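Let's take a friendly look at a few spots in this protein. Have the sequence and the 3D view ready, and follow along.

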Amino acid sequence: IAVLKPLVESPEAKPQWQQLLMAAYAESGQGQEASRLAEEIAARTPDDKRSQLNLAATYLQTDQYDKAAAVYESLRAKGELTEEREYRNLIASYLSLDDGHAKAIGVINEGLEKGTLPPDYQTYVALAQAHYFGEPQNINESIAAYQKAAPLAPTGETYLNLAKLLTQKNNRVRAR
C-alpha cells in the first residue's frame, strides 16, 4: 500500500496500479478503503465492465451484498452479464439478503434458459435452497430442484436433503 498509493496518485498513474492498490487494501483487511477506491474507479468508468465487476467483487468481499447485487443488476440490465461466474455472484448476493430469494430464483432460471448457467449440481442446489428458504416457502419447487441435483451430487447428502423434504411434505399432508 505504501508503495502503490504514491504511484496511483501520480500523474502517470496506470489503471492496473489502481487495481493493485484496491487488491492490497482488500487483502490487508481495509475493505472500506478498497470499496472507496473501487467506487471512484467505477464512477470514472461507468461503461467499463471490468471496473464495475471489480466494484461488485469488492462489495462481496466486504459483505455489502445489497450493493453488490445492485452493481450486478445494472450490468444485467445492460445485457453485460455473460459469464457463469457473474451469474453465480449475483445469485450469491441475493441469497445473502433476507429478501433476495425470489430474485435469486429469477436469476437462476434466466441463467439456465440462456445457457449461461449449466444444469449442474451447484445450480440446482442453489435453486432448491432459494425455494426452500424464500418467502413464501415453496417445498414442491425445492423438491423438484433437489431431484435434479441429487443424481449429480458428489455425495449422498443431497439425497438426504431430498428425503427430509419429502418427509416434511408428507407430514404436512397428513396433518391436514
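With a relative accessibility of 1%, E86 counts as buried (buried means under 20% relative accessible area, exposed over 50%, partly exposed in between, with a 1.4 Å probe and protein chains only). You will find E86 in helix α6, residues 84–95 (helices are DSSP runs of H or I, at least four residues, numbered from the N terminus). Beyond its neighbours within four places in sequence, E86 is in contact with K49, L53, Y72, E80 and L81 (contact means heavy atoms within 4.5 Å).

This is a predicted model, where local features need pLDDT of at least 70, side-chain atom pairs count only at pLDDT 80 or more, and totals for chains, interfaces and linings use all residues. Residues are numbered from 1 along each chain as its sequence is written, and side-chain values use heavy atoms, with hydrogens and water left out.

| Side-chain atom | Backbone nitrogen | Distance |
|---|---|---|
| polar atom of E86 | T82 | 2.8 Å |
| oxygen of N138 | N140 | within 3.4 Å |

The N138 pair sits at the start of α9. In this helix, residues 139–149, the buried residues are I139, S142, I143, A145, Y146 and A149. Viewed down the axis of α9, they fall within an arc of 165° (taken from the directions from the helix axis to the C-beta atoms), so they line one face of the helix. Their cover includes α8 (121–133) and α10 (157–175).

Notes
Helix = DSSP H or I, 4+ residues; strand = E, 2+ residues; numbered from the N terminus. Polar contact = N/O pair within 3.5 Å; in protein donor to acceptor, adjacent residues only side chain to side chain.
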